[in-house]
Amino acid sequence: MHTQADIAVEHIIVAENLGKSVLTSEGMLHILSAVNLLIKAGESIAIVGESGSGKSTLISLLAGLDTPSAGKIRLNNHELTIMDEDGRASIRNALIGFVFQSFQLLPGLTALENVMLPLELSGNKNAKSLAAALLHRVGLAHRLTHTPRQLSGGEQQRVALARAFVTRPVILFADEPTGNLDSKTGATIIDLLFELNHENKTTLILVTHDQVLAARCQRTIKLDSGAML
């Protein structure tokens with residue numbers, strides 16, 4: 001029988017009875033209800049479900065980008081649900097990397113500058129060399145000085161992967177990372193994502209509609225109308 005303390009040590013993410021509701025003009029909308037999750041360090045998890053099932057809301061809550069209406073979240077033994085935004089931001093900066101469907105690169109910065117940014121924000125003196133090395137790792141050594149509009153979608157997502165991994169995050173959240181890419185480019189990006197994830201021993205939480213991609217993860221969590229199946 002595991003105690004709560006045992007569970008906290010063994011699992012990097014613990015969500016208890018998680019719920020999210022918002023008030024709309026038509027009344028209360030329940031986006032998530034009674035979600036319970038235990039995720040071990042180093043696990044790869046796919047979150048699947050129809051559009052509107054609550055997938056993106058769930059990872060926003062787990063990452064501390066949003067706050068739940070009910071329940072608790074512990075991330076690496078830190079209880080997010082009792083923290084203010086500054087506290088949650090501190091945890092995100094220390095532990096978490098993100099990859100989004102829409103890349104979320106800053107248009108006025110070069111590829112190198114985009115990847116350097118999270119390191120510079122944390123005061124890392126080696127930001128330039130670390131960012132350049134990771135862009136080389138993702139096959140973009142020849143694109144360091146290019147801005148996002150000079151890059152293809154696949155290249156932009158490679159920059160986004162480099163930016164996500166450059167801080168050596170403990171947990172990586174990826175929300176439909178191939179959603180804006182053609183199937184061939186998407187397959188290449190996913191191979192790269194899993195390679196980097198394996199090299200860095202990162203815990204991966206992946207939202208996807210792609211069943212083939214979900215099958216590459218160790219475990220799949222299915223949501224239906226905000227509830228886990």
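**Phenylalanine rings and packed helices**

Phenylalanine 100 is partly exposed, with a relative accessible area of 26% (buried means under 20%, exposed over 50%, partly exposed in between, using a 1.4 Å probe and protein chains only). Keep in mind that this is a predicted model: local features need pLDDT of at least 70, side-chain atom pairs count only at pLDDT 80 or more, and totals for chains, interfaces and linings use all residues. Residues are numbered from 1 along each chain as its sequence is written, and side-chain values use heavy atoms, with hydrogens and water left out.

**Aromatic rings**

- The structure holds 2 aromatic pairs (rings of Phe, Tyr and Trp, the last by its six-membered ring, pair if their centres lie within 6.5 Å; planes under 30 degrees apart count as stacked, over 60 as edge-to-face and the rest as tilted).
- Phenylalanine 98 counts as buried, at 18% relative accessibility.
- Phenylalanine 98 also stacks with phenylalanine 173, at 6.1 Å centre to centre and 20° between the planes.
- Phenylalanine 98 sits in strand 6 (residues 96–100) and phenylalanine 173 in strand 7 (residues 171–175), so their pair ties together parts that are 75 residues apart in sequence. Helices (H or I, at least four residues) and strands (E, at least two) are DSSP runs, numbered from the N terminus.
- Put together, ring pairs link Phe98, Phe100 and Phe173 into a cluster.

**Helix 6 against helix 7**

- Helix 6 (residues 153–165) packs with helix 7 (residues 183–200) at an angle of about 15°, and their axes are 10 Å apart (axes are lines fitted to C-alpha atoms, for helices over the stretch in contact, and angles run from 0 to 180 degrees between N-to-C directions).
- That makes the two helices roughly parallel (under 35 degrees; over 145 is roughly antiparallel, 65 to 115 roughly perpendicular and the rest oblique).
- From helix 6, Gly154, Gln157, Arg158, Leu161 and Phe165 meet Thr185, Thr188, Ile189, Leu192, Leu193, Leu196, Asn197 and Asn200 of helix 7 (contact means heavy atoms within 4.5 Å).

**Helix 2**

- Helix 2 (residues 55–62) is largely enclosed by the rest of the structure, because 6 of its 8 residues are buried.
- The buried ones are Lys55, Thr57, Leu58, Ile59, Leu61 and Leu62.
- After helix 2 comes glycine 64, with a positive phi near 75°.
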